[in-house]
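Keep the viewer open as you read.

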Amino acid sequence: MEVGFASSFFSKARSISKLAPLAASLVLIVLSSSITPTEAYDSLDPTGNITIKWDIMQWTPDGYVAVVTMFNFQQYRHIQAPGWTLGWTWAKKEVIWSMVGAQTTEQGDCSKFKGNIPHCCKRDPTIVDLLPGTPYNMQIANCCKGGVINSWVQDPANAASSFQVSVGLAGTTNKTVRVPKNFTLRAPGPGYTCGIAKIVKPTKFVTQDGRRTTQALMTWNVTCTYSQFLAQKTPTCCVSLSSFYNDTIVNCPTCACGCQNNNTQPGSCVEGDSPYLASAINGPGKSSFQPLVQCTSHMCPVRIHWHVKLNYKEYWRVKITITNFNYRMNYTQWNLVVQHPNFDNITKLFSFNYKSLTPYGAGINDTAMLWGVKYYNDLLMEAGPLGNVQSELLFQKDLATFSFEKGWAFPRRVYFNGENCVMPHPDAYPWLPNASPLSKSPLILPIMAFWMVLVCLFMYV
């Protein structure tokens, strides 16, 4: 009977083991289906997004006139040149009769219209901002900045962009109008994922004298969130480290943003002293803002260097240098986000603006946003002698936590213009002189003594 029970038990075990791979596959499918690659979350700016507000201001005989506004509610991520590109798909057969403050990139097929020709007849129009200097009769408020939108913390007055659109062949009442779908936002490349349009309470507008309030006839919102994984496959910045107590300069990791590959991809980088530098900068990729970086071991367009400069009795000092290695890009309104536990005791900054970010609640203050002073160093010039900005930070020591040991004085994370920068490996950080490899590995001394004894015994014999 025991033999029969054992054979039955092992046969069931074999059948269960055969089902194990199938069960694992099912679990993997369930997990992969529950986590979509388009979901975006930024731990340092968990509520950051770009909200597109579509306000219908008046009805027309065959449609409506709307004001579309993009609000950048992201604390430190902005939209830089060449600017945003907005797209959607019409729910019916709508056309765009005219636009103010923006334009579509293509008109589409409008051959069925006679007399008045629409501005755009495409079912999936693509919209771009107008450039600065546009005639006043083609402007509205918050338009015509070349698609550039600043971040909410850095420049709230310029953290929005608007345009007016006159839509035809559409509904003419709240019940017959249909919201567009499949919104897309490129800023200027991929990275943003937009949700569906949701009808909300109509927006209210207060007159300049504050004595009268009007409201839109109908309003819907679209929320777009950013993911660095969707934006690009390779990083765009890296971090290097140094200190006064160690002669070692820890460079950016090799191939942090790519590797030099001029053999198979000519023109991927250019030497700073090359006689062909000017012709390379003005090459085919100039109009498309394709990066042309200086040939380096890391191949990053931007490098942030953190140098622990001085140590005082109650304070310590850091120098930050941002260097641009991109010959085709000036970074206007740049910003830096740095995580370090001593930002709760920062005492003085010498040529940067500063704002504390508290993504984890009011009790933890270890994240700082830094950006340039207007008209002084808010523009990071292209690669070259002027392609850098720098400042110094003074921290007050907290004796309970302060230490130069084990790389404590170096940042935990660094973001440039909202992009996470590649950090060196912690093992490569500059160590204190008394933290040499021998002192870090106390077992080495007994092992060396053991081998020395063996060598002496061998020589004696």
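The paragraphs below cover the nonpolar cores and then the disulfides.

This is a predicted model, in which local features need pLDDT of at least 70 and side-chain atom pairs count only at pLDDT 80 or more, while totals for chains, interfaces and linings use all residues. Residues are numbered from 1 along each chain as its sequence is written, and side-chain values use heavy atoms, without hydrogens and water.

A nonpolar core here is a set of buried Ala, Val, Leu, Ile, Met, Phe, Trp, Tyr and Cys residues joined through side-chain atoms within 4.5 Å; buried means under 20% relative accessible area, exposed over 50%, and partly exposed in between (1.4 Å probe, protein chains only). The largest core has 39 residues, and I304, I322, L336 and F416 touch the most other members. Elements giving it two or more residues include β18 (302-311) and β19 (315-324). A second, separate core of 36 residues includes V165, A197, C224 and Y226.

Now for the disulfides, defined as pairs of cysteine sulfur atoms within 2.5 Å. The count comes to eight. One joins C194 to C224, with 2.1 Å from S to S, and this link is right-handed, with 100° about the S-S bond. C194 is buried at 16% relative accessibility, and C224 is buried at 0%.

Another disulfide joins C238 to C252. C238 is buried at 0%, as is C252 at 5%. In the C255 and C259 disulfide, by contrast, C255 is partly exposed at 30% and C259 is partly exposed at 44%.

Methods: Helix = DSSP H or I, 4+ residues; strand = E, 2+ residues; numbered from the N terminus.
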